Amino acid sequence: NLSNMMKVAVVGGEGIGPEVTAQSQRVLNWFAVKRGVPMTLREAQYGIIPYLATGKVMPPDTVEAMEEADAILWGATGGPETKEVPAAARKAGSLLGLRSKYDLYANLRPIVAHPALSDSAPLKASVLTGVDFVIIRELTSGIYFGEPRGIETLADGQRRGFNTEQYTTDQIRRVVRAAFELARTRRNKVCSVDKANVLETSVVWREEVIALHAAEFSDVELTHMYVDNAAMQIVREPRQFDVMVTGNIFGDILSDCAAMASGSLGMLPSASLGPVDRFGRRKALYEPVHGSAPDIAGRGIANPLGSILSVAMMLRMTMNRPEDADLLEKAVASALSGGARTADIAEAGAKRLSTQEMGDAVLNALDNVA
Ligand code: NAI
Ligand code: MG
């Protein structure tokens, strides 16, 4: 039945993006073949390679693949500051532009501490045990998009860079709504993070959160935290959080910090969701939280689990296959407890798997747990 066939655009991108995405694509294929999940995959290029061939980092074929897709599996963008891609060409096909184009306002970043990783994690096992929370980062507004912005030269010859932090009622309410709704499916707790003691945007943010909570979500336990304290609490006692919701820049920084509660940045998946249309569908982009990691790109040693776990999020949120999502998460946990380790999560002296071998370990685990 073609109508329930989910279309997935697979865009590896740059740096370690294509390396990790190759493994998550194998996992997607496994679910199509072994579990009959109805999907078609369309690979498309992004970044320096299509730029050199066509002059565009995001060529028309890629735009079309993403346009028709229900879900985009994205790798990474960015790399060493080469002169090869001029800033304007980069900007014309940027990831920020994509988030904006599809109005992908809700960025979900689950942080789970796998017991098997407690020996190699930067935080103590006693801090990590039982950590399981989700950061929801607003992704289409705030200081990354606010106008005016620019760099100007002042009368005295100094340069001045400036950006604008801003949030409107609607922008706050829709992402906070997503947080309350998600909390109801979990431990029913939302922590809203802002800087309301200093920033007007945060004053509006906090007041809107309180109003929405009172009007529609008073059954959910709500707390507020200043962002600097939140950074500290994520390291001190990450177990206290269930769903954390915050603006664009705070969410960007806090989620890299929270990555340490899962052992490695390479472990973290994410989903970026757009508005629900009148057919009940929503555009979604799934990607690991990490970037293109130029320091290790091309060596086949990157951890593919952030990308693979993004496939679990896709199965759950776009394909409505919660059992298959659980299956994949179990397979990853089983591969880890079986000792599978890429370099970033390996203890000193332990055997280090390549990116491809970690993909093998997850596929083997899938065959065993299925
Ligand atoms: P990064 O996330 O690429 O790397 C940070 C550190 O984590 C590096 O030491 C890297 O080796 C390590 N790391 C990241 N992913 C890993 C993985 N899967 N396995 C093992 N180790 C991993 O961030 P960085 O270095 O700040 O940025 C590099 C480039 O990526 C920049 O051009 C940046 O703009 C871009 N970027 C792109 C993102 C995206 O495509 N969504 C997100 C973040 C950064
Ligand atoms: Mg970031």
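These legends accompany views of a predicted protein model.

**Figure 1. The whole protein.** The fold contains 13 helices and 12 strands. Its radius of gyration is 21 Å, close to the 21 Å that the globule rule gives for 370 residues, so the protein is as compact as a globular protein of that length. The C-alpha trace spans about 60 × 50 × 50 Å along its principal axes. Of the 370 residues, 50% count as buried. Among contacts with a separation of 6 or more, 74% are between residues 24 or more positions apart.

**Figure 2. Surface and charge.** The accessible surface comes to about 16500 Å². Carbon and sulfur atoms supply 53% of that surface. The protein carries 39 positive and 44 negative side chains. The centres of these two sets lie 1 Å apart.

Figure 3. Domain 1 is built from two segments, 1-105 and 274-370. Domain 2 also has two segments, 115-129 and 160-263. Nine residues from domain 1 and seven residues from domain 2 make the contact. The domain centres, taken over C-alpha atoms, are 25 Å apart.

**Figure 4. A65 in helix α3.** Helix α3 covers residues 60-68 and includes A65. Is A65 buried or exposed? A65 is buried, because its relative accessibility is 1%, below the 20% cut-off. Leaving aside residues up to four places away in sequence, A65 touches A9, R42 and A44. P288 lies 223 residues from A65 along the chain, and their C-alpha atoms are separated by 20 Å.

**Figure 5. A cis peptide bond at P148.** Most peptide bonds are trans. The bond joining E147 and P148 is cis, with omega about 0°. P148 sits in the loop between strands β5 (132-138) and β6 (150-153).

**Figure 6. N188, a loop residue with positive phi.** Most residues other than glycine have a negative phi. For N188, phi is near 65°, a positive value. The loop holding N188 runs between helix α7 (169-184) and strand β8 (189-194).

**Figure 7. N320, a positive phi between two helices.** The phi of N320 is near 55°, again positive in a residue other than glycine. N320 is found in the loop between helices α11 (305-317) and α12 (322-337). How does N320 count, buried or exposed? N320 is exposed, because its relative accessibility is 62%, over the 50% cut-off.

Definitions and conventions. Residues are numbered from 1 along each chain as its sequence is written. Chains are lettered from A and ligands numbered from 1 in the order in which they are written. This is a predicted model: local features need pLDDT of at least 70, side-chain atom pairs count only at pLDDT 80 or more; totals for chains, interfaces and linings use all residues. Side-chain values use heavy atoms; hydrogens and water are left out. Helices (H or I, at least four residues) and strands (E, at least two) are DSSP runs, numbered from the N terminus. The radius of gyration is taken over C-alpha atoms; the globule rule is 2.2 Å times the number of residues to the power 0.38. Buried means under 20% relative accessible area, exposed over 50%, partly exposed in between (1.4 Å probe, protein chains only). Contact means heavy atoms within 4.5 Å. Accessible areas come from the Shrake-Rupley method with a 1.4 Å probe; for residues, only the protein chains shown count as cover. Lys and Arg count as positive and Asp and Glu as negative; His and the chain ends are not counted. The place of a charge is taken as NZ of Lys, CZ of Arg, CG of Asp or CD of Glu. Domain bounds come from an automatic or database domain assignment.
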